[in-house]
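Take a look at the model below. A few places in it are worth a visit, one at a time.

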Amino acid sequence: MNSNTLDILKKTVSKESGPAFYVRVENCLEKMIVSGKLPAGARLPSEMALSSELGINHQTIRKALVNLARKGYLDRRQKSGTFVCNMRKNMNIGLFYLQESTEDYMNEAGRYIQQECYRHDLDLKHFVYDENYFASGKFATDVLKMNLDGAIVAMEETDICREAVLELVRKKFPVVSYNNCFPLTAEIPQVRNDLALRTRRMLDYLWEAGHRKIGYIADFKNSESARAYHEFCQEKMINASQRFMSLEFNGPYAKWLQMPVDQIMRGFLSSNPDITAVVLRGIGIQVILKQLSLMGKKVPDDLSITSLGDNILCELAHPPITAARLDYPKLAECTVAKLLDLLQGSPLAEMITQVPEQLILRESVRRLLP
């Protein structure tokens, strides 16, 4: 046990009011074990040593340690000492996301969440549903029956998804929203990138490059990103109505697959021959590149393309696509850390943690100004 953990114990028992001293010591040690501040295998000081450090009777210390051993947190070995058990091996975490979420996004995000959970000895289970399921109102009830200790949700910015997770929050179930799942609200603990700021940075970059007629194509018309685009156009006194396109959908994943995305994209490009650049969010790069090729147009000579999400397709496209890259390892690290705080009952330092993005400049944008 290091000096930091001893200091935490001292502060706990030094409070003027509160439960009995053995309860304070027991609760404090339990939280440190669950959080990992006291790692599995760590040896605790002897009862007499703790009694001396904390200034309380050694019988009080013994009662706290015996209770923790009964709960399975400590292993009291005769003549060897008291050791921390590995409690978190049995903690089950659910990762929930929509079937409509793009496969490459969830592969990237899920990989780092899996790695972070493994680092903290958490057993991660994946669950995939479509939006109709969340609309049924069964989500919170079903999650509570799954023998899970906590959940991470990565869903779309819809009232249906938000309400489903809010129900879990109201039931005091440990849950953290991952990335751009919901509009900012103080009720849902979340780790996210500021989508509006990300959109604005991309638009400002295109504007600085000389583009004055910028199109926007996304999967949701009322997202933070879409609102940021409209605010940008109002500020620059640009008519955004015709240059804005959303492929919003509801219902099962099969409905999304049946949408004539190629035709819709071609119609948008044909009706906006004057745009010099376009910002994509949630729409496949290959779709717009295919339609531009069929129309005899080249990137970036005829149209500059940017994406609000970076992936392998952006890197392999010809030419490679300028994109906003999310820090997935940092997002995963902060998400799991926040969930661990909830699991141990610790107050959150902040309900919403923002993780900035990085603008990756590639050859898909043509500068119209020197």
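L316 sits in helix α14, which covers residues 312-316. This is a predicted model. Is L316 buried or exposed? L316 counts as exposed, because its relative accessibility is 65% and the cut-off for exposed is over 50%.

L316 also belongs to a nonpolar patch on the surface.

## Helix α15

Helix α15 runs through residues 328-343 and has 16 residues. From first C-alpha to last, α15 reaches 22 Å. That is close to the 22 Å expected at 1.5 Å a residue.

Which residues of α15 are buried? Among them are Y328, L331, A332, T335 and V336. K338, L339, L340 and L343 are buried too. After α15 comes G345, with a positive phi near 80 degrees.

## Cysteines

C334 is another buried residue of α15. C334 counts as buried because its relative accessibility is 18%, and buried means under 20%. C85 has 21% relative accessibility, so C85 counts as partly exposed.

How many disulfides does the structure hold? The count is 0.

## S51 in helix α3

S51 lies in helix α3, residues 47-54. Its relative accessibility is 14%, so S51 counts as buried.

What does S51 touch, leaving aside neighbours within four places in sequence? S51 is in contact with I56, N57, H58 and I61.

Note on methods: Residues are numbered from 1 along each chain as its sequence is written. This is a predicted model: local features need pLDDT of at least 70, side-chain atom pairs count only at pLDDT 80 or more; totals for chains, interfaces and linings use all residues. Side-chain values use heavy atoms; hydrogens and water are left out. Helices (H or I, at least four residues) and strands (E, at least two) are DSSP runs, numbered from the N terminus. Buried means under 20% relative accessible area, exposed over 50%, partly exposed in between (1.4 Å probe, protein chains only). Contact means heavy atoms within 4.5 Å. The expected span of a helix is 1.5 Å times one less than its number of residues. Patches are made of residues with over 30% relative accessible area and no salt bridge: like charges are joined within 9 Å, nonpolar side chains (Val, Leu, Ile, Met, Phe, Trp, Tyr) within 5 Å. Accessible areas come from the Shrake-Rupley method with a 1.4 Å probe; for residues, only the protein chains shown count as cover. A salt bridge is a side-chain nitrogen of Lys or Arg within 4 Å of a carboxyl oxygen of Asp or Glu. A disulfide is a pair of cysteine sulfur atoms within 2.5 Å.
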